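Hello,

Here is the structure we talked about handing over. Please have a look at it first, and then read on for what was found in it.

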Amino acid sequence: MKRSLALSSCIVSLMAGHASAQTAPADTRQTDTQPRSEPAGATSAAAPATPESDSPSPGAEIVVTARRRSESIQKVPISIIAVTGETLRNQGVQDLKQFSSFAPGVSINNGRADGGGTTAQIFIRGVGQNDFLIPNEPGVGLYVDDVYVASSSGALNSLGDVQSIEVLRGPQGTLYGKNTIGGAIRITTVKPDLDTFSGNATVAAGSYNRLDITAGVNVPLGGDVALRLSAISRNTDDLQKRYLSRDGDGQGNINQDAVRAVLLWKPSSTFDLTLSGDYTRIRQHQAYGGNIGYVAGASPLVDVLNNEYYPTINAALGLPANARFDARWATAPGAVGATGPNADHYDVWGLSAVANLALSDDISLKSITAFRRVKGFAGRDGDSSPYPLLETVSYDNNKQFSQEFQLSGSSIDDRLKWTTGLYYMHQDLENRIVANLWSGLVTTSIPIDFDARSLSRLSGNTYAAFGQGTFDITPRLHLTAGLRYNREQRNFRNDWFFLVQPRSYTCPGVDVNGVFIRCESTDNVVTPAASLSYDLSPTKLVYFSYSDGFKVGGWTPRLFSQQSLRRYLPERLKAYELGFKTSWFDRRLVFNIDVFQSDYTNLQLTTIQADSTGAPQPTVQNAGAARIRGIESDLTINLDGGTRIQGGLSYLDGEYRRLDPGVSFPLSAELPETPKLSLSASIEQRIELSAGGRIVARLDGTYRSKTYKEANNVEAIAQRPYALLNGRVSYTLPSDKVTFSGYVTNLTDKRYIVSAIDVASTFSLYEAYFGRPREFGGEIAVRF
């Protein structure tokens with residue numbers, strides 16, 4: 001890694017030296033030295049700005065960088081959702097989970113309970129990953145300022161100082177590489193401004209003793225240097241009580257603090273260097289939820305604990321002599337009787353250096369160097385009772401280093417716009433688990449010990465070379481083609497050992513069939529992409545695209561026996577998309593629609609099944625093949641008088657086409673996290689007051705149809721159709737420096753499941769976690 005950092009530093013220094021030799025006058029306003037194709041009058045979602053700026057004027061074009069260059073969103077032959085930071089603030093969005101409510105076809109939640117409340121589970125178009133443990137990897141790529149976030153743990157932290165979010169739906173395997181099989185989410189933060197000293201601060205208070213504070217300041221340090229500092233602190237009380245807790249703690253609180261520093265150096269119009277550092281501290285309790293249902297007689301292990309062991313410890317636990325594990329403890333999301341682990345503690349930090357060098361008027365070079373670290377643990381009491389039945393603590397210590405070079409330009413009289421590059425990433429991931437499962441079982445008539453400890457380590461290298469270009473066959477007809485070569489090297493070591501009856505299961509190891517599993521792999525994958533688009537008019541585009549993506553393979557992370565030891569292969573998805581993008585009446589009406597088909601092979605799914613003794617056998621396996629067809633559309637109407645209406649739709653029709661041997665569900669099963677219908681709608685009214693100032697009122701609504709949360713389609717933990725309503729009213733003083741706001745979220749106080757697991761056959765219960773209930777409050781924002 002030291003060699004890689006040194007090499008990157010040398011290259012950045014050479015780029016700076018080349019820039020210093022240029023004689024072009026300095027441009028202190030533009031921080032992106034790449035060749036630009038931004039239309040006149042456009043609003044760039046990634047251009048330098050401050051979060052206190054107004055939202056784009058009605059009819060303004062939105063510019064995105066999904067294809068590694070600035071383009072109008074209406075000219076990009078990809079299904080994209082693009083939201084500015086100002087819109088996020090108007091919606092009251094403070095993290096990615098809240099954001100996904102307004103993004104049809106996108107699901108962002110905290111996933112499995114043993115991963116904690118800030119571990120990311122992201123699905124787009126029904127494609128993602130529902131298990132955080134290494135060596136499992138995400139199905140949707142998350143990028144912050146073009147840096148890939150490899151670790152799911154701690155990834156759902158607060159959104160502070162965000163300039164824009166872009167959601168790229170469908171495989172992005174050519175320009176973005178591995179683990180973008182479902183799509184990619186690109187978060188762009190606010191960059192320093194070389195010219196203006198400015199700042200902002202916001203204080204919000206509300207339900208559950210909410211106190212949120214955000215602040216940012218932009219400081220020009222001279223003609224070619226500027227610094228931006230920002231911070232966010234979010235705090236709420238617990239949403240549910242642990243009524244047997246001795247320390248008074250509950251579950252479902254928020255306690256997050258984050259800081260970011262960005263330094264921009266722009267010595268000339270042809271070179272700029274941006275150095276960034278960020279740190280997030282998370283100190284929360286277990287997520288909001290727990291045991292929602294007891295299933296009598298489902299687990300023989302629980303039955304024997306009830307009959308033979310729990311009566312012997314009831315007095316020590318302060319419980320009645322005849323107490324047992326039963327329906328009395330299935331009270332989530334209400335107050336629970338849990339007394340076990342209760343933590344979501346992570347420290348997340350990163351450093352990056354982004355250098356842009358214009359080699360000529362038509363060609364630019366970009367270097368992105370980054371290091372990220374995630375360290376922390378998540379502890380949960382999954383049975384919500386004082387009995388040590390289902391208690392886990394998961395410790396993570398993850399590091400990643402990445403280096404990317406992008407060479408972009410235009411040729412043939414600007415008819416060919418192209419990007420090519422090289423990418424490298426090294427990962428060192430470590431996970432330790434302390435699991436107290438059926439504690440005391442060893443003293444019963446089924447004397448088996450499942451109090452386990454584990455240590456898993458994954459070391460991996462990613463190498464890639466890629467290129468993509470768009471050629472204007474005619475002024476209206478455009479052909480895009482791209483190709484990426486990926487090489488994935490992974491080395492996994494996994495040790496599970498049990499304490500009372502000493503035994504261990506390992507990877508590498510011998511499986512139940514006597515086959516030695518090496519737990520090392522090298523995958524070479526080529527992912528092409530192509531599209532053909534045609535401008536029916538300057539404001540109407542029709543396109544057809546093909547894209548390919550993959551997600552790396554691995555090995556089952558939880559080894560309860562050698563039966564669980566198995567290798568699963570990389571996933572692959574090929575998508576075909578036909579789209580139509582239009583704008584009318586000087587962009588006051590924008591309507592886009594696309595239809596797609598995704599052919600999905602080697603699906604990686606995690607299931608938990610009991611063996612003949614009732615012991616669990618969690619496995620990750622390639623389930624077979626599936627096909628997902630869908631329709632997506634979005635609509636924006638800007639009316640006179642300051643009224644804006646927006647809507648979005650996603651319809652998904654997924655089905656398994658083939659199932660591999662050993663799969664625990666039928667061919668007729670529904671794909672998890674794939675609601676057939678997702679809708680979003682909003683109306684915003686801006687009123688400019690005659691005496692100065694303005695009032696902005698906004699109402700947002702979302703709808704999700706029935707969604708299964710795991711592969712076996714258990715009805716008890718399926719989320720029924722539901723709708724959410726949020727409202728917000730703001731008044732800005734005539735000085736345009738102070739804004740007062742009032743808000744309400746989840747207006748109808750809808751209770752809905754965001755993640756769940758079926759452990760009925762092993763622990764006689766269903767475990768589920770929920771979205772936040774109704775909350776309301778006020779906010780004051782000051783800017784200067």
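Let me start with a sheet: five strands form it, open and with mixed pairing, in the order β4-β10-β11-β8-β9. Its edge strands, each pairing on one side only, are β4 (80–84) and β9 (147–148). Strands here are DSSP runs of E with at least two residues, and helices are runs of H or I with at least four residues, numbered from the N terminus. Two strands count as paired if DSSP finds at least two bridges between them. Within this sheet, β10 (residues 162–169) and β11 (residues 183–189) run antiparallel over seven bridges, and I165 stands opposite I187 in β11.

Before going further, a word on what you are looking at. This is a predicted model, in which local features need pLDDT of at least 70, side-chain atom pairs count only at pLDDT 80 or more, and totals for chains, interfaces and linings use all residues. Residues are numbered from 1 along each chain as its sequence is written, and side-chain values use heavy atoms, with hydrogens and water left out.

As for confidence, the protein averages a pLDDT (the predictor's confidence in each residue, from 0 to 100) of 89, and 91% of the residues score at least 70. The stretch to treat separately is residues 1–55, where pLDDT stays under 50. The model has 124 contacts beyond four places in sequence for that stretch, a contact being heavy atoms within 4.5 Å.

β41 and β42 form a hairpin with five residues between them, and D736 in the turn has a positive phi of about 65°.

The cores

A nonpolar core here is a set of buried Ala, Val, Leu, Ile, Met, Phe, Trp, Tyr and Cys residues joined through side-chain atoms within 4.5 Å. For burial, the cut-offs in relative accessible area are under 20% for buried, over 50% for exposed, and partly exposed in between (1.4 Å probe, protein chains only).

The largest core has 41 residues, and L389 and W438 touch the most other members. At least two residues come from each of α4 (300–313), β23 (416–437), β24 (452–472), β25 (477–498), β26 (503–507) and β43 (753–759). The largest share, seven residues, is from α4. Leaving aside neighbours within four places in sequence, L389 has contacts that include V302, L305, F325, W438 and F763. There is also a second, separate core of 24 residues, with L88, A103, L159 and I185 among them.

The disulfide

How many disulfides does a search of the whole structure find? The answer is one, taking a disulfide as a pair of cysteine sulfur atoms within 2.5 Å. The link joins C507 to C519, with an S to S distance of 1.5 Å. The angle about the S-S bond is -95°, and the link is left-handed. C507 lies in strand β26 and C519 in the loop between β28 (516–517) and β29 (520–537), so the pair ties together parts that are twelve residues apart in sequence. Both cysteines, C507 and C519, are buried.

Backbone points to check in your viewer

Most residues other than glycine have a negative phi, and most peptide bonds are trans. Here are some cases of the other kind:

- I134 and P135 are joined by a cis peptide bond, with omega about 10°; P135 is in the loop between β7 (127–128) and β8 (140–144).
- A332 and P333 are also joined by a cis peptide bond, with omega about 10°; P333 lies in the loop between α4 and β20 (343–358).
- N209 has a positive phi near 55° and lies in the loop between β12 (198–206) and β13 (210–220); this residue is exposed, at 58% relative accessibility.
- I412 has a positive phi near 55° and is found in the loop between β22 (390–411) and β23; this residue is partly exposed, at 47%.

A buried serine

Finally, S561 is in the loop between β31 (554–555) and β32 (567–568). With a relative accessible area of 14%, S561 is buried. S561 touches Y505 and Q617, not counting residues up to four places away in sequence. The C-alpha atoms of S561 and R503 are separated by 9.6 Å, and these two residues are 58 apart along the chain.

Best wishes
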